[in-house]
Amino acid sequence: ADFRDPWTNNKTAFGYDTLDLKRFQFEKQKERKVVQGFDLIVSVAAPMTEYFKSLETKDQTEKFVTLPNGYDPNDFLKKPIPKMVNTKVTICFVGTLYGKTQATLVSLASAMKGFQDQIQFRFCGDMNAEAYHILRQCENVELMGKVDGKTAKETISQSDICLLLLTDDLTYSFSTKFCEYIQARKPIWIVSNAGSTPDFVRENGIGFHSLPTPDSIKQGLENIRTSLDSISYEGFDDSSFNLESISKQYLERLVHLVKHDNSLK
């Protein structure tokens, strides 16, 4: 069983936080049945793995494994697009803008107002009507809408820094878009509450972190404007986000599982 997202403790998507108690308990029973009934439980983040372990009544720690999301090394721009000729710092957001980040988006829009002449934002991907209404009022924001994969990669390539907004329950997330930013070796700006993902970016010197408040975001924009050149991928090992490496680990676990199963027969 492979989990790309949390199940019943997912407050960000799928509506689990809105279920009545009886319906939620039914969902919890299904979750426990899967965790206890499968021979290998794979998840993309350590907090998810630890939660699923807590649902297993037997001592079967070895059946739980964490393998993160990653980027496909064969999926890249054959001709990297140069940065746009622009006196402004260009920040892009690529991917789905989740509704649960709307309060953060309001703070971001408020903080943008003092940087119209210094910073330009580009958003491409899905967003709800409320998010669209908030952003279209900002004069230094370009809304590109839904785009294909090639255009998304070109947008990342043309940008100076890439933005990631994390919901409160997923501040440990290394999402697909995060991995694509890593693949492009672009500085990353995370706006979220404290968590292991912003810690990772700061500790590895590959980006900035701001709390989801107007003052913290404003300070983050100032840091980006003045200190972007301090961010470097020199010495950063991205192999743990490379799907070739991840796939090798996955196959090794599957081979081990099959050999173990055969030995019991």
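How many residues does helix α1 have, and how far does α1 reach from its first C-alpha to its last? This is a predicted model, where local features need pLDDT of at least 70, side-chain atom pairs count only at pLDDT 80 or more, and totals for chains, interfaces and linings use all residues. Residues are numbered from 1 along each chain as its sequence is written, and side-chain values use heavy atoms, leaving out hydrogens and water.

**Helix α1.** I found 17 residues (21–37) and a reach of 24 Å, close to the 24 Å expected at 1.5 Å a residue (1.5 Å times one less than the number of residues). Helices here are DSSP runs of H or I, at least four residues, and strands are runs of E, at least two, numbered from the N terminus.

I then looked up which residues of α1 are buried (under 20% relative accessible area; exposed is over 50%, partly exposed in between; 1.4 Å probe, protein chains only). They are Glu 27, Glu 31, Val 34 and Val 35. The face turned away carries exposed residues, namely Leu 21, Lys 22, Gln 29, Lys 33 and Gly 37.

**Arg 185.** I noted a positive phi near 55 degrees in this residue, which is not glycine. Arg 185 sits in the loop between α6 (176–183) and β8 and is partly exposed, at 36% relative accessible area.
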